[in-house]
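Take a look at the protein below, and keep it in view while you read.

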Amino acid sequence: MDPIKDFAAQVAGNIRALGTDQTLRADTVKWIEEANAHGYTYNYSWLGRPIIQFPQDMVAMQELIWRIKPDLVIETGIAHGGSLILSASMLAMLDYCDAVEAGELLDPAKPKRRVLGVDIDIREHNRSAIEAHPMANRIDMIQGSSIDPETIAAVHAKASGYKRVLVSLDSNHTHEHVLAELEAYAPLTTPGSYCVVFDTLIEDMPAGSFPDRPWDKGDNPKTAVWEYLKTHSEFESDLDFDHKLLITVAPHGFLRRKD
């Protein structure tokens, strides 16, 4: 009897059961709709910086980074910088664990792993706050449209030489923009790693839920994911994340690149 394997099997069973509970899933979407009316996703921070995400998705990203152990995380969409800080802090923990296992001293001034953030408009107060954060020395930022050819070329140049890359897309949420981001950056995802597409939940919300935004039901990250997967069989939606999280802004958005 192996208690570790037994517990893992129990968790896997829980996730399968959650995936088949359609009533619970419908109730969850309704709850998200009501919570979003109160600006729920704006209520959290990571190590002092606002992070516009559900707590469940923060935990999911922590699990992914620990599992994949990337040496580069690429993120489109910076906003207040909380997601960059989350990724950087997890990469710092990986560096620490590597040093412990190797019996080496860790020099925090020489990080082995990096985060690259891209945003069309990095507000000066946000840039200053990110650059003043203790995690700043492992963060690089590029200002420019994520689908501009020059920006894409700059990201690809910076990604050159890294062995394990995780990608996160969370900027403009229109179908056209996200599909262009997928074409540009999903190929940088290394086999076994993930390209996470945020805010696919828009497709599951009632039409007109975002009256002040250019995206809506039928024109959003999930429709872009569906379109992308039609011609990119090297990726698959890892639905275990949908089932285990329930409350997530990224249903069908955890795209795993097959080994």
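Here is a short tour of a helix pair, a pocket and a salt bridge.

## Ground rules

This is a predicted model, so to speak of local features we need pLDDT of at least 70, and side-chain atom pairs count only at pLDDT 80 or more, while totals for chains, interfaces and linings use all residues. Residues are numbered from 1 along each chain as its sequence is written, and side-chain values use heavy atoms, leaving out hydrogens and water.

## Two packed helices

Helix H3 (residues 55-68) packs against helix H4 (residues 82-102) at an angle of about 35 degrees, and their axes are 10 Å apart. Helices here are DSSP runs (H or I, at least four residues; strands are E, at least two) numbered from the N terminus. Axes are lines fitted to C-alpha atoms, for helices over the stretch in contact, with angles from 0 to 180 degrees between N-to-C directions.

Who touches whom? Met58, Met61, Gln62, Ile65 and Trp66 in H3 meet Leu86, Ser87, Met90, Leu91, Leu94 and Cys97 in H4 (contact means heavy atoms within 4.5 Å).

How many salt bridges does a search of the whole structure find? The count is 13, each being a side-chain nitrogen of Lys or Arg within 4 Å of a carboxyl oxygen of Asp or Glu.

Glu34 forms one with Lys30, with the closest N and O atoms 3.3 Å apart. Both residues sit in helix H2, four residues apart, or about one turn of the helix.

## The pocket

H2 turns up again here: H2 (22-36), H4, strand E4 (114-119) and helix H5 (124-131) each supply at least two residues of the largest pocket's lining.
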